[in-house]
Amino acid sequence: MEIEWKDEILYKDLVKWACRLKREAPFFKDLVKSFDVKNSQVLDVSCGTGFHSVMLAKWGYCSVGVDISEQNIKEADNLAKNEEVESKVEFILGDILDIQNLLADRKFDFIYCIGNTLAIFDLHERKKIIQQLTNLLKPGGKLLIQVVNYLAHSNETEWFYKPNLMRTSDGLLNFQIRMMDWKEHSEKINMYIHRIIQDTSNSDMFELIQKKTEFYVLKKKDFQFMSEQKTFELKFLGDYNFNQFDEEKSNDLVVIIKKKN
Ligand SMILES: C[S@@+](CC[C@H](N)C(=O)[O-])C[C@H]1O[C@@H](n2cnc3c(N)ncnc32)[C@H](O)[C@@H]1O
């Protein structure tokens, strides 16, 4: 097979999807079990290449996914086609900062914004996004947010995550290291991703890619403004296994915001 050399890897090739969905599916199943399968609408906010949207469509829910990346939306459409759920899922290209306009007057039973996505936005933008998402909820609906709990690393100024080796859909090997830099313990944290892409049919063909991403360090108190609104109930978890959130230990900050009936 002729490989077209790319200097970036598709999001679908950065995650071991079968493992991730197997791990996360029971949590999602539990969150949506109270909603009628046929008549419920679910919304995947910053859906990436659409794996969660397709999972929920396969369970029978009407799924909508929104992402700002044209490439991701294209891949998500392909995934829906391959998994034969095109009639149950719709992918929309757009900015979640303007998501209410994008979705006009549609309402959803379950909305989720996961994969640390909210951590790329500043406080003002986050509030704007959360406000719009809660407006898009039906009474009794739930909003799930998942971000990384960087406060579990409060005693560190640098750390790394377990290196990851994956084969891309093009057959290339992708070896990835993520280094975290939190020197000043400020409101932002830097992530340096170093990636080696290797064509195993030609050992001379390889590329080194470095990318820096900044994330805001989100805290439980950043969501408290929602509990001041009487129409919402908030729950904080530390992972997708229903463990309570512990600021010093939890890997994740998982927030479930329920709009009262
Ligand atoms: C880390 S990925 C998470 C994807 C997916 N939710 C998951 O859990 O795997 C972040 C996603 O946010 C999307 N994104 C970033 N800024 C956005 C914006 N302003 N509006 C919509 N999507 C955005 C990116 O294109 C990317 O697909």
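I take a nonpolar core to be a set of buried Ala, Val, Leu, Ile, Met, Phe, Trp, Tyr and Cys residues joined through C-beta atoms within 7 Å. The model I am looking at is predicted.

Core. I looked up the largest nonpolar core and found 52 residues in it. Val45, Val54, Ile111 and Leu133 have the most contacts inside this core. I then checked which element gives the most to the core: strand E5, residues 137–148, with 6 residues. Domain 1 and domain 2 both give residues to the core, so I place it between them. For background, I note that nonpolar side chains in soluble globular proteins tend to be buried together.

Leu133. I listed the contacts of Leu133, leaving aside neighbours within four places in sequence. Leu133 is in contact with Val45, Ile99, Ile111, Cys113 and Leu143. Val45 and Ile111 are also among the core residues with the most contacts.

Domains. I have the protein divided into domain 1, residues 11–149 + 218–259, and domain 2, residues 152–216. I find their C-alpha centres 25 Å apart.

Ligand. I count 16 residues around the ligand. Ser46, Gly48, Ile68, Ser69 and Gly115 come nearest. By class, I have the shell around the ligand as 7 nonpolar, 7 polar and 2 charged residues.

Definitions and conventions:
Residues are numbered from 1 along each chain as its sequence is written. This is a predicted model: local features need pLDDT of at least 70, side-chain atom pairs count only at pLDDT 80 or more; totals for chains, interfaces and linings use all residues. A residue is near a molecule or strand if its C-beta atom, placed from the backbone, lies within 6 Å of it. Ala, Val, Leu, Ile, Met, Phe, Trp, Tyr, Cys and Pro count as nonpolar, Asp, Glu, Lys and Arg as charged, and the others, Gly among them, as polar. A residue is buried if 20 or more other C-beta atoms lie within 10 Å of its own, exposed if 12 or fewer, and partly exposed in between; C-beta atoms are placed from the backbone. Helices (H or I, at least four residues) and strands (E, at least two) are DSSP runs, numbered from the N terminus. Domain bounds come from an automatic or database domain assignment. Two residues are in contact if their C-beta atoms, placed from the backbone, lie within 7 Å.
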